[in-house]
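Please read it beside the sequence and structure.

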Amino acid sequence: MAKAAPEGLITALDIGSSKVSAMIAQKGDGGELIVLGTGQRESKGIKRGCIADMAATEVAVREAVEQAERIAQTNIENVWVGFSAGGLVSDVASIEFEMGGHRIEQSDIDALLRAGRESIDPAGRMVLHAQPALYTLDGITGVKNPLGLHADRLGVHIHVIAADGSPVRNIGLCVAKSHLEVKSIIAAPVATGLACLSAEERELGTALVEMGAGITNVSLFAGGMLVGLTTIPMGAADITDDIASTFGASRSQAERMKCFHGCANASPRDNHEMIEITPLSDDGSSERPRITKAQLIAVIRQRLELLLAEIGKALAAMKFDGTVGRQVVLTGGGAELKGIADYAQSSLGRSVRVGRPRGLAGLPDAHAGPAFATLAGLVHHAATDPIDLRGLATAERQTVHRSTSPLSRVRRLIQTAKANY
C-alpha cells in the first residue's frame, strides 16, 4: 500500500506528442536529487504538442503517474508540468532605477523586481516565466548580487517566456481532471537546458535542439538564460509516417524499423542488408516484401534534410553565428536516431553532440536517454525553484526603461560572461 508523500517530494510530468512520462524524485541529505519512481504511457491525444483529445490524454496522465507512484511506493498530490508548444516565445526585458549613489539595500532590489514585473508586456500571451537573470550597476552588466554596493543606477534583465494561453490552459485542465494540483507549468526548453547543458554552456552560448515527436524546439542559451526560441512543426513522428507511407507498413512497424534498422548515415553494406515488411493488408497467403536498409535510410535522410534545413534557418534568424557560441546540443526522442549527431554536424557546419539527462541519482537506464531530458529537467527546475516576478506586488517608484534590440542584449550578455569567466 502506498504511503503518504514525504516532505520535499518532487513530481515531474512531461506530456508529449508520443508519450506521457512522470518522475518522482526527492532531495537527499547532501542536496543530491534521487529518483524514486518513473512511469510512462503512450500519448494518443496530443498533436504537435497540444491536446487534441482531452479524455485520451487524461487516461495517459493518470496511468503514467500511477505507475510512478507504485514504483516509489508513495502517493503524490501535485506536479511540475512541462509545456513545449503553443507559440512559445522568449525575450529579455530591462528596467533601471535611479539610485543617486546610495548603497543598495534589499528593499531597493525588491522594489526593482516589482517594477520589473509591471514592465512585462506579453502581447496577449500567457507568461510562463518572468525571472531576474543579471543585474546592472551604472550600465555594467553581469552583476549577480548587487546587495551592499553603491550605484547611481541599478537595473535588471528579466527573462520572460510566454505562450499562447489556450494550449496552456488545456494542459492545466487535463492535469486537474486527473485529480492533481499543478505546481507550475514550465517551458520545456528551460527544463531541458537544465538537464543537458552545463552552467558554462548556458553562459557562453549554446543552441539546444529538442527533436520531439511532433515538434522541434530550437532555443539559444546565452548569459545563463534562454534568449531565443523557435518552434518548428516537424519532428521524429514525421520520419515514422514517411517510412509507413513509402513502404505500406503500419505506424508501429515503421517506428520499429526506424529504431532498430534506421540510421542518419549510409554505408555500402546497407545495400545488402534486407528488412522484411508486413503489409497493412497482409493475409498470410503471399510472400512478404523486403527492402534494403539503404532504401530505409534514404527515406529517413530525406526528412532529416528538410528538418535540418529549418533548424539552420532558425539558428541563422537567432544570429547564432559564432559570436554567441557555436556548440549545438541535440536532445529529445529524435536524437536517439543512430548517427544523428554526425549528420547534423555535417549539415549545420557546427560542433554537435547528443544531450542526455544528468545530475539525477537512481535514474533507470530506460529513462536516461535524450527522450527523457525534459522530464529530468523539470525535476532540476523544481529543486532550484527560482524567483518568479509574477508573484510580486505592484511597485510605486520612478523607473527608467531601456529599449534595446534582443540581439544587442544577447551580445552584451555574452561579452560580459566571457570577460568574467
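1. In which sense, left-handed or right-handed, does H8 pass H9? The crossing of H8 and H9 is right-handed, where right-handed means that the near helix is turned clockwise from the far one by less than a right angle, and left-handed anticlockwise.

2. This is a predicted model, in which local features need pLDDT of at least 70 and side-chain atom pairs pLDDT 80 or more, while totals for chains, interfaces and linings use all residues. Residues are numbered from 1 along each chain as its sequence is written, and side-chain values use heavy atoms, without hydrogens and water.

3. The protein has 11 helices and 20 strands, taken as DSSP runs (H or I, at least four residues; E, at least two) and numbered from the N terminus.

4. Helix H8 spans residues 293–317 and helix H9 residues 340–348; their axes lie 10 Å apart at an angle of about 55 degrees. Axes are lines fitted to C-alpha atoms over the stretch in contact, and angles run from 0 to 180 degrees between N-to-C directions. H8 and H9 are therefore oblique (roughly parallel is under 35 degrees, roughly antiparallel over 145, roughly perpendicular 65 to 115, and the rest oblique).

5. Cys 196 counts as buried because its relative accessibility is 0%, and Cys 259 as partly exposed because its value is 43% (buried is under 20% relative accessible area, exposed over 50%, partly exposed in between; 1.4 Å probe, protein chains only).
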